[in-house]
Amino acid sequence: MKKLLINKNLLAVIVMLIGIGLIVIGLLSGDAVSVLNKARRICMECIGIG
Amino acid sequence: MDKEVSEKKAKQEKLSNDGRSASSADRSAHNGSGPRRGCGSAGRHGIQAVATLIQNANFKGFFTGKIYTGAAKKVCVPGLNCYSCPGAIGACPVGSLQNFLSGMTFRFPYYVLGLLIFFGALLGRIVCGFLCPFGFLQDLLYMIPFYKKNQFKFDKYLRYLKYIVLLVLVILLPLSLPLTPAFCKYVCPSGTIAGIITWFTTEFIRPQFGWLFSWKLIVLGIIVVSGLIVYRPFCKYLCPLGAFYGFFNRFALVRMHLDESACVHCGACARSCKMNIDPSKKPNSMECIRCGDCVRACPEKALHIGIRDHRANAGSTATSGAKDPAGS
Ligand code: SF4
Ligand code: SF4
Ligand code: SF4
C-alpha cells in the first residue's frame, strides 16, 4: 500500500513537471502576452453583450 | 487480531446504532462546531474569503467600472473568476483557454493548459473547496436559511452535464466557430456578475446590453435560486473547471487518505458530505471538493487530507483511493 502511495505521489510530481514544461513552452511562444491582451480588455461575450 | 476485530465491530455497532452519535457528528460537520481537526469549516471560509479578495484586489474598479490592465493579468487564477470583472487582477483560465481555441488562427494553449495541469496535479479540487470565488459564493448561498433538498433522483445523471459543457462549450464550439467562447457567452455566471457590475458602473455601455444579457441573467438566476436549495449546483452540474480538476483528484499530490484499519463504516462521513459522496468508499472521488467536512465528522480520525498519509508510518492499511473503480 505504501508503494502505491509513493507511486501516486511520483505520478503527481511527473504530471506537475509536464505542466511546468507546457508553461515554459507557452511563455517562450508568447502565450502570456496573448492572455494579457485578452484579459486587459472587457470581454463582450463574458459580460453578456456578445 | 481477534480482539482488534471484535473491538472494531463493537465500535461500529455503537456508532451505527446510536443515532445521536451519528447525527451529532453530522450536525457538527454542518455547523462547524465539531471536533477541530486541521482547518475547520470557519477556517476554510476564511481562506475562501481571503482568496476571493486577493483575486479581486482592484477594489477601485468596483466603483469606477474600469478593469485592471496590469501585468498580473498574464497569470491565470486557479478558479473561476471572470477577467472582465472590474475587481479581477488575474486572468480566468476557462476564458483564456477558449480564447486560444477560438482565435482566427488556432494556437495550442500550452501556457493555459500547463497552468491547469499544474494546479490539478498539485491540488486537485482543493481549488474548488478553498480558492475559487464562485465556489465561495455558492457556499454562502447555501448558508441562507431556505428550503433544502440536496439529494434527489436525477442528481447522479446531471453530474455528467459538466463533462459535456467542458467538451462542447469550452473545446469543440470554440474550435469550430472562430471568435465564439461559447461557455463565456451563453453560460458562465461569473461573467454575468461582471456584466451586472459593469451595468451599474459604466453608463455608456448600458444601451448595448440586449437579449444575450437577459439570457445570461436567467441562467445566473437559476443557479442562484437552486444554490439556495442544493449545495453548489453549478459545481456539481455545470462547471467545466471542476470537471477538469476532478480528473486529478485520484493522484493529486494533496489528496485524501483513508485509514481502512480505523474506519468502522459508521457512515458519519457520508452523512456530512454535501457533495453526496461516501469518502469511506471513494476517498478520491472526482466530485470531492476537499471541503474537509467528512474529515471533521469522522469519530475515528480515519480520514485525512494531505501529501502523506497520517498513519502510513504507524503501519496501518491506508488507501488514497485504490478501491475507487470509477474515481467518481
Ligand atoms: S467547480 Fe468550478 S465554480 Fe465550483 S469551485 Fe470548482 S472551479 Fe469554482
Ligand atoms: S471514515 Fe467514515 S465510515 Fe469510516 S469511521 Fe470515519 S466516519 Fe465512519
Ligand atoms: S468527501 Fe470531499 S466533498 Fe465530501 S465532505 Fe469529504 S472533503 Fe468534502
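**Notebook: two chains, two ligands**

I began with ligand 2. Of the 14 residues around ligand 2, Cys263(B), Val264(B), Cys266(B), Cys269(B) and Cys298(B) come nearest. I sorted that shell by type and got 10 nonpolar, 3 polar and 1 charged. I keep in mind that this is a predicted model.

Then I turned to helix α13 of chain B, residues 211–229. I found 19 residues spanning 28 Å from first C-alpha to last, close to the expected 27 Å. Which of its residues are buried? I listed Leu212(B), Phe213(B), Lys216(B), Val219(B), Leu220(B), Ile223(B), Gly227(B) and Leu228(B). An α-helix has 3.6 residues a turn, so residues three or four places apart point the same way. I also checked what covers the buried residues of α13(B). The cover includes α8 (133–143), α11 (182–186), α12 (189–201) and α14 (233–237) of chain B, along with α3 (44–47) of chain A.

Last, I went to the interface. I saw 38 residues of chain A in contact with 58 of chain B. The buried area is about 3,900 Å², with 72% from carbon and sulfur atoms. On the chain A side, Lys8(A), Cys46(A) and Ile47(A) supply 15% of the area that chain A buries there, more than any other three residues. I counted 1 salt bridge between the chains. Asp31(A) and Arg107(B) form a salt bridge through their side chains, at 2.6 Å, N to O.

Notes:
Residues are numbered from 1 along each chain as its sequence is written. Chains are lettered from A and ligands numbered from 1 in the order in which they are written. This is a predicted model: local features need pLDDT of at least 70, side-chain atom pairs count only at pLDDT 80 or more; totals for chains, interfaces and linings use all residues. Side-chain values use heavy atoms; hydrogens and water are left out. A residue is near a molecule or strand if one of its heavy atoms lies within 4 Å of it. Ala, Val, Leu, Ile, Met, Phe, Trp, Tyr, Cys and Pro count as nonpolar, Asp, Glu, Lys and Arg as charged, and the others, Gly among them, as polar. Helices (H or I, at least four residues) and strands (E, at least two) are DSSP runs, numbered from the N terminus. The expected span of a helix is 1.5 Å times one less than its number of residues. Buried means under 20% relative accessible area, exposed over 50%, partly exposed in between (1.4 Å probe, protein chains only). Contact means heavy atoms within 4.5 Å. Buried area is the accessible area (1.4 Å probe) that two parts lose on being put together, summed over both. A salt bridge is a side-chain nitrogen of Lys or Arg within 4 Å of a carboxyl oxygen of Asp or Glu.
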